[in-house]
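Please consult the sequence and coordinates alongside each answer.

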Amino acid sequence: MTTGTEQVVEAEIETAEAGKNESFDGAIADTDKNESTTEHHHGPAKGISRWFFTTNHKDIGSMYLWFSLTMFMVGGCMALMIRTELFQPGLQFIQPDFFNQMTTMHGLIMVFGAVMPAFVGLANWMIPMMVGAPDMALPRLNNWSFWILPFAFSIMLMTLFMEGGGPNFGWTFYAPLSTTFAPPSVTYFIFAVHMMGISSIMGAINVIVTILNMRAPGMNMMKLPLFVWTWLITAFLLILVMPVLAGVVTMMLMDIHFGTSFFSAAGGGDPVLFQHIFWFFGHPEVYIMILPAFGIVSEIIPTFARKKLFGYSSMVYATSSIAFLSFIVWAHHMFTVGLPLAGELFFMFATMLIAVPTGVKVFNWVATMFRGSMTFETPMLFALAFVVLFSIGGFSGLMLAIAPADFQYHDTYFVVAHFHYVLVPGSIFSIMAATYYWLPKWTGNYYNEKMGKIHFWLSFIGINITFFPMHFVGLAGMPRRVPDYALQFADFNAVATVGAFLFGFSQLLFIYNVVCCIRKKNQASKQVWEGAHGLEWTLPSPAPYHSFTKPPKVD
């Protein structure tokens with residue numbers, strides 16, 4: 001069976017630079033010519049109207065990525081405020097209420113403003129190119145789904161300047177804390193969450209329709225690149241769980257303004273009901289933020305190992321299994337609320353079970369690298385760090401899955417260490433790997449490889465200095481979301497703060513490298529990477545404004 005990373009593609013592309021036939025993977029092209037010049041039909045509009053009204057998947061993908069980078073830096077500044085306050089015991093710089101606002105906004109911005117839009121941006125850029133489509137299936141919807149986001153996050157950030165301050169109840173916004181004791185700005189927060197959800201659902205519909213309806217002739221489902229597969233499954237997860245989030249924030253709104261008591265025990269409601277609904281959304285959301293990362297790493301490792309991906313079919317089935325299991329493990333976040341014993345046992349074993357398909361993926365990546373002709377360019381370094389550090393996060397997740405042990409770990413810094421080891425080396429490192437991997441294809445220029453490697457090593461060292469000590473203070477009993485702590489936690493907290501600043505400021509190198517790559521002319525070849533396979537590498541660098549006006553034929 002041929003796969004997305006081993007397929008032989010027969011495609012002829014007539015480019016603005018060369019009028020000759022091009023073939024990929026040694027195949028002789030014998031199909032109709034595919035015009036892909038920027039002059040075909042029309043090129044990009046001039047001026048700012050191009051970005052407001054564009055329906056081109058590359059423009060919209062770029063806007064998602066720049067928006068994500070902006071939110072990443074905003075959320076990162078909030079994280080540095082948190083770590084500055086925690087550098088030593090006692091209240092140093094900010095008041096406890098503002099500290100709580102920073103922890104809440106940092107989590108919300110990183111999850112909904114940085115990680116998710118970055119993956120949507122990568123999907124917009126790459127999925128049409130990978131499946132041989134001219135654009136996303138619903139381009140006007142695509143424009144709308146992006147432009148909702150800046151308004152949503154403007155509203156969310158404006159809450160910090162409203163009377164009573166911004167949301168201060170944690171990024172999980174547990175009721176009744178978020179409905180009874182919250183500042184008035186919580187209503188704006190709820191409205192912003194609704195807007196984000198609408199954007200996500202529209203983007204997911206677009207991805208599904210594009211993949212199912214606009215694949216090139218001959219590209220059946222088991223020939224799709226892994227990145228496309230993981231995004232297809234992620235899109236279904238988004239459609240299934242974002243309405244659940246919309247429902248729970250609407251119930252919050254009713255409790256605040258309309259006298260209902262969904263979550264207030266005083267009125268006959270149940271605070272634990274909020275946790276059940278929130279985590280039924282929240283746990284699939286964890287996989288929404290990691291499945292596209294699996295796809296990215298599954299594209300990068302075969303390229304730099306110069307081998308076909310080991311176990312393509314098992315990777316597809318493992319991804320599907322993870323998505324299914326993510327819906328039946330939500331209450332492992334709730335072991336301490338008083339679940340019945342049967343419930344605790346079910347969710348404990350179901351959570352352990354989800355480690356099996358994840359382990360299959362890690363095994364396949366290692367098997368792909370085994371005896372490969374590996375080179376260690378920047379994308380590969382980030383992918384390797386992903387595999388190692390994500391595995392550490394996975395093992396600490398298995399520790400948290402054990403119900404009796406979780407009573408010790410729950411709401412301590414051990415949990416903070418766990419999910420940051422999953423999200424930073426997992427989601428964020430994979431996004432950086434993807435950026436370095438596809439940047440020459442996007443811009444037509446090579447980035448500075450030496451600077452990329454310096455950025456990687458500073459980031460790698462920085463996050464380990466930041467988050468590894470948190471395991472120890474968590475096991476020793478330091479609670480999360482506190483601006484002050486006992487003296488015995490001081491040393492590890494000081495180390496973590498130093499690591500946070502190292503990681504934070506090393507991202508300035510990343511921004512500088514990307515900007516230089518865009519502006520400086522260091523012409524990239526069409527292939528870019530020696531071992532790369534896929535339809536996107538049959539296009540010239542930079543990829544033309546209209547990629548495939550006639551679908552290539554996949555064999």
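A crossing is termed left-handed if the near helix is turned anticlockwise from the far one by less than a right angle, and right-handed if the turn is clockwise. The model is predicted.

Q: Is the crossing of helix 2 and helix 3 left-handed or right-handed?
A: Helix 2 spans residues 57–85 and helix 3 spans residues 96–131. For helix 2 passing helix 3, the crossing is left-handed.

Q: How are helix 2 and helix 3 oriented relative to each other?
A: The axes of the two helices come within 7 Å and cross at roughly 155°. Angles over 145 degrees count as roughly antiparallel. Helix 2 is therefore, relative to helix 3, roughly antiparallel.

Q: How many residues of the contact of helix 6 with helix 7 are charged?
A: Helix 6 (residues 186–213) and helix 7 (residues 226–257) have axes that come within 8 Å and cross at roughly 155°. The contact of helix 6 with helix 7 comprises 26 nonpolar and 6 polar residues. The number of charged residues there is none.

Q: What is the area buried between domain 1 and domain 2?
A: The domain assignment gives domain 1 as 1–40 + 525–555 and domain 2 as 54–262. In this pairing, 19 residues of domain 1 are in contact with 22 residues of domain 2. Carbon and sulfur atoms give 59% of the buried area, which is about 1500 Å².

Terms used:
Residues are numbered from 1 along each chain as its sequence is written. This is a predicted model: local features need pLDDT of at least 70, side-chain atom pairs count only at pLDDT 80 or more; totals for chains, interfaces and linings use all residues. Side-chain values use heavy atoms; hydrogens and water are left out. Axes are lines fitted to C-alpha atoms, for helices over the stretch in contact, and angles run from 0 to 180 degrees between N-to-C directions. Helices (H or I, at least four residues) and strands (E, at least two) are DSSP runs, numbered from the N terminus. Ala, Val, Leu, Ile, Met, Phe, Trp, Tyr, Cys and Pro count as nonpolar, Asp, Glu, Lys and Arg as charged, and the others, Gly among them, as polar. Domain bounds come from an automatic or database domain assignment. Contact means heavy atoms within 4.5 Å. Buried area is the accessible area (1.4 Å probe) that two parts lose on being put together, summed over both. Angles under 35 degrees count as roughly parallel, over 145 as roughly antiparallel, 65 to 115 as roughly perpendicular and the rest as oblique.
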